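Please keep the sequence and the model at hand while reading.

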Amino acid sequence: MRKILAFLIIMLFYSCERENLNVIDINFANPPIIKFAKIEPNEINLDTILVGAEKNPEDTLKIKFKATAIVYDKDGQGDIDETFCYAINPLRGITLVQIKLNKINDSTFYGEPEFKIKRKESGIYQVRIFSIDKNNFTSNEFYFNLNLYRGNRPPIISDLNAPDTVILQTQTVLIKITVKATDLDGDNDIKAVYFSSFKPDGSPSSGNPFQMYDDGNASGISGDERAGDGIYSIIIQLPPNTQKGTYRFEFQAIDKAGAVSNTITHFLSVI
């Protein structure tokens, strides 16, 4: 009798335990996992961004980059809610931009964050990417360095086309001079192309420096054939009373950061 009673007590206890387990809803949800992320570009030369006639340290520049993340939902229920991208200035401890990346497909998120800084505020900035699912679980995080630097490069002049000798006439002689100017930061970065002339006795001409033009002769004084092709032109007038001798010409270009190109020196004999 005692054995039967003990058996019934054990069965009753086991039945109650099973009922209690069925009442408890155990949820083993998993956070999302970012399998891959990238930003591009990861470095930007601030001196390639033009906002005016000069490259002033106080210029306000718009910085824009692309951010991509591939996020894995471990539960397989498609419950990834949002993927975020932050850009941070770590030295000042401030967030410059925070956006939600757009969902391209089930796992890929993409966006183009942008923010503004002064040209003088170059340095290493930080980008942070992470995801949150519908259960408010946060994924692992990806961090990237965004190098914003000043790397202005001076313009380059080449391919000078100018006569070596000119014979004076009873009427004014017209001389067309051309030179090519380029800039690795973009030809729009060229502020001016010019030359200075020096008389046979070495003294500078009173009009120095003389500007050259890539304007398709819009100025009416350059004789330039085609605007915007990088060929700068000028027409020089030599009246009959021009002093004879050997003149020295020095050609240069300057960019919007004030950087000066190489110098091309040319000698012209007037006889």
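Predicted model: local features only at pLDDT ≥ 70, side-chain atom pairs only at ≥ 80, totals over all residues.

Residues are numbered from 1 along each chain as its sequence is written, and side-chain values use heavy atoms, with hydrogens and water left out.

**Overall make-up**

The protein chain has one helix and 19 strands, where helices (H or I, at least four residues) and strands (E, at least two) are DSSP runs numbered from the N terminus. Of the 271 residues in the protein chain, 36% are buried, that is, they have under 20% relative accessible area with a 1.4 Å probe and protein chains only. Among contacts (heavy atoms within 4.5 Å) between residues at least 6 apart in sequence, 65% join residues at least 24 apart.

**Sheets and strand pairs**

Strands of a sheet pair through backbone hydrogen bonds, either parallel or antiparallel. Here two strands pair if DSSP finds at least two bridges between them. S1 is joined to strand S4 (residues 66–72) by seven bridges, and isoleucine 34 stands opposite valine 71 in S4.

A second open sheet has three strands in the order S12-S14-S17, again with antiparallel pairing. Its edge strands, S12 (156–161) and S17, each pair on one side only. On average, neighbouring strands of this sheet are turned by 25 degrees against each other, direction ignored; the axes are lines fitted to C-alpha atoms, for helices over the stretch in contact, and angles run from 0 to 180 degrees between N-to-C directions. Strand S14 (residues 173–182) and S17 run antiparallel and are joined by eight bridges, and the bridge partner of isoleucine 177 is isoleucine 234 in S17.

Strands S5 (residues 80–89) and S6 (residues 94–100) are antiparallel and share six bridges, with phenylalanine 84 opposite lysine 100 in S6. Four residues lie between the strands of this hairpin, in which glycine 93 takes a positive phi near 65 degrees.

**Pockets**

On a 1 Å grid over the protein atoms alone, a pocket is an open set of points where a 1.4 Å probe fits, with protein on both sides within 12 Å along at least five of seven lines, and lining residues have an atom within 4 Å of a point.

Of the 18 residues that line the largest pocket, the closest to its centre are Ser197, Phe210, Ile236, Gln237 and Leu238. The lining of the largest pocket has eleven nonpolar, six polar and one charged residues; Ala, Val, Leu, Ile, Met, Phe, Trp, Tyr, Cys and Pro count as nonpolar, Asp, Glu, Lys and Arg as charged, and the others, Gly among them, as polar.

For the second largest pocket, 15 residues form the lining, and Asp187, Ile190, Asp214, Gly228 and Tyr232 are the closest to its centre.

Technical notes
Buried < 20%, exposed > 50% of the residue type's maximum accessible area, 1.4 Å probe, protein only.
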